[in-house]
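Q: Could you show me how to read the main features of a protein model, one at a time? I would like the general idea and then the case at hand.

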Amino acid sequence: MLLNTVVQPAYDVYNGMMAVVITRANETSSGANNTSSTLNQELAMEDLQLLILYSALKMILVCGIFFLGLGALITILYYLYDLFFVPYERVKRLGSIGYLNHEAGQPSKKEIANLIRKRRKIGEDLPPVYPNGWFRLVDSLQLKKGEVKEVSAIGQHFAVFRTKTGKANILDAYCPHMGGNLAVGGHVKDECLVCPYHGWVFSAKGECVKIPYSDKVPSFANTKSWPCREVNGAIFVWYHCDGVEPEWELPEISEITNRTYGYVGRIEHHVNTHIQDIPENGSDQAHLGHVHLPHSLAGNELSSQTTSWKKIALHIYEVVCTGSDKDTPHILNFDLSHVLLLFSRWKFMPILFKVYQIGPGCVHLHFNFSMLFKGVYVHTITPTEPLHQVVIHRCYCNWAMPKWFARIILHCLAVQVDRDVMIWNNKTFQPRPKLAKEDKLIAKFRRWFSQFYSENSPRLEMKSDDMLNW
Ligand code: FES
Ligand SMILES: [Fe+2]
C-alpha cells in the first residue's frame, strides 16, 4: 500500500511525458520535408532521451526518499524495541575504569595494569581473600538446559551444568581420572556430565556412574560435587575453607520467583581489590556524600566532579544500620534513603531502600519509589582471584514501573558504581583505619564481616608482582 502511494505518482508522470514526446514526434514527421523531418526526428529523440533520463532520476529520487524513510522507521522501531523489551547489559572489564596514566601516553590495558601492579601497595595484614559463604557463579539466563560452563572462582575451577530436566549442578572441573576438564568439551547426558577425555560419566552428586570401556566402576572414581543453589536468577556455590556444609541459606525474593517483578537488566564490573572493600562501601556513609554526590550525568571521572554545572543536581543519602536479627546473624540490615536535590533547593525522586547484606557475597536492595514503583537490585560479589572481584547488579522492577525508566536508573547506578571502581582499583586495604566518630559504622561492619573468616581461610601468599596477569 505504502509502496503504491509513492511509486504510482512517479509512474503517472513518466507516462504523461512519454505521451507528449510521442505526439510531438508524430506531428513533426507528418508535416515536413525529408531533411527537416530527419532533423525534427533527431530533436524528438533527444527530447525523448532527456525525458527518460529525467524520469529515471525522479524515480531514483522518489525510491531513495522512500527507502531512507523506511530505514529511519526501522531504526526507530529497533531502538524502541531495544528500550522496552531487551534487557539492559553493561560490562566493564578490568582496566576499563580508573587506570589512567597520562605520562605513558596511550598504553595498552596490560601495560597500565603492570604499572599499577608495580606501584600499588597491597595492604599489610590483609584479611583472608576467600571468606566462607555463597557466591554467584553464573546467571540463570546464561546456562541453558544441557549446557556446561567452566567458571574459575574462589581459587577453584568449577564445571557448572544444567541437566536436561533443568536442574543446575556444580562439579569440580577437573576429572579425577586423568585431569580432563569436564567443562571444556564435556557434555550433558540426561542428568549427568560426560568427561571429554575418556568418556567417564558423572552424576550431579559427583558419583562416577559409567566408565565406557570397563564393566566395573570403582568407588574411588567419584569427583567433588559442590553445594549449589539456584535462587533469584543466579546459580550460587557454597564455599567453606574447611569443607563445612552450608550453614545458612540465601533468602528467596518471592517477587522474582513469582514474576511480580520483571527483569530489567544487569551491570557487571571487574574490580582489582579485596572482597571486603566492596560491601564495606555500604557502611561508609561519608563516601556517599562525596563520591556519589554529583548527579550521574557528571560521569565517572572523579577528578572532574567539582565543576559548578555538575552541582546543579546532588544525590543526598542517609544510611541507618539496624543490625542483624538474632536467628540470622549472617544478614546485616540497613535503611537507605535517597533524594535528588535540584539547584540546592528542590527535593526530587525520594527513594527508600531496604538493604540486606547476606553473607560476604550477596546484597539485596529493595527499592520503593513514590509508593508506585518498586523493585530490587540483586548485587553479588564473587572473588575470582585473591584480589579480583566480579561485581554484578541485576535489576528487577514491578510492572507499574516503565522499563525504559528502570533502565535509565540502572544506567545511573552503573555510573555511580564506576566511581567506586575507580577508588577500589587504586586503594589499599587499611587494616587499622583512622576513623572519625561519624565513621563508626565501618568498624561495626568489620566486626560483623569477620564472622565469615575461619582460621584456615586462605590468605594472600603471592607477592604483588605475581598478581594481575591479564
Ligand atoms: S580424564 Fe576424564 S575420563 Fe579420563
Ligand atoms: Fe560507593
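A: The turns below go from the whole chain to single strands and then to one residue.

Q: What is the overall make-up of the chain in helices and strands?
A: Keep in mind that this is a predicted model. Its secondary structure comes to eight helices and 19 strands. Of the 470 residues in the chain, 27% are buried.

Q: How much of the contact set joins residues at least 24 apart?
A: Take the contacts between residues at least 6 apart in sequence; 59% of them join residues at least 24 apart.

Q: Where does UniProt place the "transmembrane region", and what is the secondary structure there?
A: An annotation can be set beside the model. The unreviewed UniProt entry puts this feature at residues 59–81. In the model, that stretch is 100% helix and 0% strand, with 32 Å between its end C-alpha atoms.

Q: How do I read a hairpin, for instance that of β16 and β17?
A: Look at the pairing, then at the turn. Strand β16 (residues 346–358) runs antiparallel to strand β17 (residues 362–369), and eight bridges join them. Within this pair, F353 stands opposite F367 of β17. Three residues lie between the strands, and G359 takes a positive phi near 65°.

Q: What is the strand order in the open sheet of four strands, and why do β3 and β10 each have one side without a neighbour?
A: The order is β3-β4-β5-β10, with antiparallel pairing. β3 (148–153) and β10 (225–226) are at the edges and have a single partner strand each, so one side of each lacks a neighbour in the sheet. One residue pair to look at is L171, whose bridge partner in β10 is S225.

Q: Is H187 buried or partly exposed?
A: Neighbour counts settle this. H187, in strand β6 (residues 187–189), counts as partly exposed because it has 15 C-beta neighbours inside 10 Å, and the cut-off for buried is 20 or more.

Q: Which residues is H187 in contact with, beyond its neighbours within four places in sequence?
A: The contacts are V148 and V194. E147 is 40 residues from H187 in sequence, yet their C-alpha atoms are 7.2 Å apart.

Note on methods. Residues are numbered from 1 along each chain as its sequence is written. Chains are lettered from A and ligands numbered from 1 in the order in which they are written. This is a predicted model: local features need pLDDT of at least 70, side-chain atom pairs count only at pLDDT 80 or more; totals for chains, interfaces and linings use all residues. UniProt positions are given in the numbering used here, feature names are shortened, and annotations may be inferred rather than shown by experiment. Helices (H or I, at least four residues) and strands (E, at least two) are DSSP runs, numbered from the N terminus. A residue is buried if 20 or more other C-beta atoms lie within 10 Å of its own, exposed if 12 or fewer, and partly exposed in between; C-beta atoms are placed from the backbone. Two residues are in contact if their C-beta atoms, placed from the backbone, lie within 7 Å. Two strands pair if DSSP finds at least two bridges between them.
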